[in-house]
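Please have the structure open while I speak.

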Amino acid sequence: MSNPVTQLSRPSISLPVRGGEFTRPGAEELERLQRVSSATACAKLHGLGITHSFVEGPRPLTPGQRVVGSALTLQFMPQREDLASGLGQEYVERHTALWAVLETVQPGDVLVIQAYGSRFSGCIGDILARYFKRKGGAGIVVDGRIRDADRIRDLGIPVWSTGTTPHYASQSELFPWAYDVPVAVGGALCLPGDIVVADDDGPVVVPQGMADDVITAAQDHEEWEVFSRERLDQGARLSDYYPLTPDTREEYEAWRSTRVAGL
């Protein structure tokens, strides 16, 4: 009996799809964001008008790790047998966007993968993570699952995912489709070249063009939180120091000027 899949008419779409050229953020911006937590970045973006920056779902594979880097994007799409299917063998993946994106990795990149929170597609495994790290990749954020979790932990590369699975990437309902394209991850939009800040609170996407504004706002926020912690540890009232009132803001400014003068 003939295989009905081999008789399907194939649309004239060339895979993998690659998006346009993009510019990565500068090293200075990334370095300054190293001092900003994901919680602070998310709060400051909210104040600046970006209300969906948190990538909801992915959790750190190894707690305590942190990454700040330029987003390199990979998009999975639903399988359709006349276009892209994992019904063959795992080897078909070497001709997909999953393999192609890894050849474009530059030092400091964070691979951000759209996988619709799939519980069955192991988007990244040990070998691919190893290659990504060798090329200088800084971390991986997957809105879906990974496999070979123990080996990836041993590599030491920071990974955020929704969990683990024994499946390879196209073994289930998805297929690696495109790279260097906008992706939707955990309710957030991520463009190639955006900045990812990820720690134990989860990943946050900082639009590249807003990095300086976030850094400026975050620096003030982080400094007055140091001041507020000191005052609270000394017995002050929470409502006076978190957040600062006009009076305690003046007190903070005096405290800050003393610290700056002492440097």
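Predicted model: local features only at pLDDT ≥ 70, side-chain atom pairs only at ≥ 80, totals over all residues.

P16 is found in the segment before β1, the strand that spans residues 17-18, where helices (H or I, at least four residues) and strands (E, at least two) are DSSP runs numbered from the N terminus. The peptide bond that joins L15 to P16 is cis, with an omega of about 0 degrees. Residues are numbered from 1 along each chain as its sequence is written, and side-chain values use heavy atoms, with hydrogens and water left out.

A cis peptide bond also joins Y242 and P243, with omega at about -5 degrees, and P243 is found in the loop between α7 (238-241) and α8 (246-261). As background, most residues other than glycine have a negative phi, and most peptide bonds are trans.

Y116, which is not a glycine, has a positive phi of about 60 degrees, and its place is in strand β4, residues 109-122. Y116 is partly exposed, with a relative accessible area of 46%; here buried means under 20% relative accessible area, exposed over 50%, and partly exposed in between, with a 1.4 Å probe and protein chains only. D148 is also a residue other than glycine with a positive phi, in this case near 60 degrees, and D148 lies in the loop between β5 (139-146) and α5 (149-155). At 28% relative accessibility, D148 counts as partly exposed.

Let me turn to the loop between β3 and α3. Q79 has its place in this loop, between β3 (67-78) and α3 (97-102), and because its relative accessibility is 17%, Q79 counts as buried. What does the side chain of Q79 reach at 2.8 Å? It is the backbone oxygen of S170, and the side chain of Q79 also reaches the backbone oxygen of S172, at 2.7 Å.

The side chains of D82 and R80 are joined by a polar contact of 2.7 Å. For Q79 and S257, which are 178 residues apart along the chain, the C-alpha atoms are separated by 60 Å.

Now the cysteines. With a disulfide taken as a pair of cysteine sulfur atoms within 2.5 Å, the count comes to zero disulfides. C42 is in none, and the nearest cysteine sulfur, that of C190, is 14 Å away. C123 is likewise in no disulfide, with the nearest cysteine sulfur, again that of C190, 15 Å away. Is C42 buried or partly exposed? C42 counts as partly exposed, at 26% relative accessibility, whereas C123, at 1%, counts as buried.

Finally, the whole chain. The secondary structure comes to eight helices and twelve strands, and the C-alpha atoms fill a box of roughly 85 × 35 × 30 Å, taken along the principal axes. Of the 263 residues in the protein, 46% are buried. Taking a contact as heavy atoms within 4.5 Å, residues 24 or more positions apart account for 78% of the contacts with a separation of 6 or more. The protein exposes about 13200 Å², of which carbon and sulfur atoms supply 52%, with accessible areas from the Shrake-Rupley method and a 1.4 Å probe.

I will stop there and take questions.

Note on methods:
Polar contact = N/O pair within 3.5 Å; in protein donor to acceptor, adjacent residues only side chain to side chain.
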